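Student: Hi, could you walk me through this structure? I have not looked at it before.

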There are 2 protein chains.
Amino acid sequence: MKVVHAEQLASEPVREPGAKGASIRRLIDTPDGADRFVMSLFELAPKGSTPPHYHDWEHEIFVLSGKLQLELPGEKPGTGRTIVLTAGDAAFIPRNEPHGFTTPPNDRARFLVIAPTDRPPIRNVFLSDDPYEIEGQPPAKGGER
Amino acid sequence: MKVVHAEQLASEPVREPGAKGASIRRLIDTPDGADRFVMSLFELAPKGSTPPHYHDWEHEIFVLSGKLQLELPGEKPGTGRTIVLTAGDAAFIPRNEPHGFTTPPNDRARFLVIAPTDRPPIRNVFLSDDPYEIEGQPPAKGGER
């Protein structure tokens, strides 16, 4: 049995290539006895991103606060789409489906990610080493929390 | 890919023996392609409960709002303990660890439960068919939503 308050855990920067303004709190992890799936709390700062990528394991996502942009690359440049998720939205990203996450210039996002423990990193395929370039107006004066 | 807003989903009553004031929204389920673990949003009304039980699959829990009492039965009557969880708390309940959930008379709880898809129901062992008896003062007049 493990009980933890998210705010009591230190957050670590996400170290994936191209990740920007992204941090993770590992709420329930394999050392806790979770041997099939683990739960983490991600936070993306304004203009944050994790790069477009795919892998042969699935994500389950639940947005706690803010505005999370789920980026779904298209087969050709310019054909991708963006789905905006807010608090209370859940998303299932199947294995091998390309995806990335971004936040708008004036918002941040907190979201849970549940992923299987069985995640062979060699199959984690990045479509780009570059972070997303976020277009948009500069932050409103004094506006961010 | 599936995206769903929790509030758009119908909630169903929890039908386990002894469950009281408990409802479930199946956010991500096997028909969505989730073949290893699934995510549900539970709501417990004031004085709600799910009975003490154990099973050979694990729970991962994240509390979204309200006050969730995690009931851990002891080996002898009267030796159990209660852990109060609030928004932002996560809990890992290992396989075969007896547990139940209750809410106080004046509060309700909303929480995510992630569970494996592989859940043989024949091994779901209830320690009692009776709901928890919640002691406490009656709800404040006109106070509940």
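Student: What should I know about the model before we start?

Tutor: This is a predicted model, in which local features need pLDDT of at least 70 and side-chain atom pairs count only at pLDDT 80 or more, while totals for chains, interfaces and linings use all residues. Residues are numbered from 1 along each chain as its sequence is written, chains are lettered from A and ligands numbered from 1 in the order in which they are written, and side-chain values use heavy atoms, with hydrogens and water left out.

Student: Switching to strands, which one does β3(B) pair with over seven bridges?

Tutor: That partner is strand β4 (residues 37-54) of chain B, and the pairing is antiparallel. Strands here are DSSP runs (E, at least two residues), numbered from the N terminus, and two of them pair if DSSP finds at least two bridges between them. Strand β3 (residues 20-28) of chain B is also joined by two bridges to strand β2 (residues 12-13) of chain B, again antiparallel.

Student: And what lies between β2(B) and β3(B)?

Tutor: Six residues lie between them in a hairpin, and G18(B) in the turn has a positive phi of about 85 degrees.

Student: Which residues are bridge partners of I24(B)?

Tutor: I24(B) in β3(B) is the bridge partner of E12(B), and in β4(B) its bridge partner is F42(B).

Student: Now chain A: is H59(A) buried or exposed?

Tutor: H59(A), which sits in strand β5 (residues 59-66) of chain A, is buried because its relative accessible area is 7%, and buried means under 20%, exposed over 50% and partly exposed in between (1.4 Å probe, protein chains only). Leaving aside neighbours within four places in sequence, H59(A) is in contact with residues including F92(A), H99(A) and V113(A).

Student: Last one, where is K47(B)?

Tutor: K47(B) lies in strand β4 of chain B, has a positive phi near 60 degrees although it is a residue other than glycine, and counts as partly exposed at 31% relative accessibility.

Technical notes. Helix = DSSP H or I, 4+ residues; strand = E, 2+ residues; numbered from the N terminus. Contact = heavy atoms within 4.5 Å.
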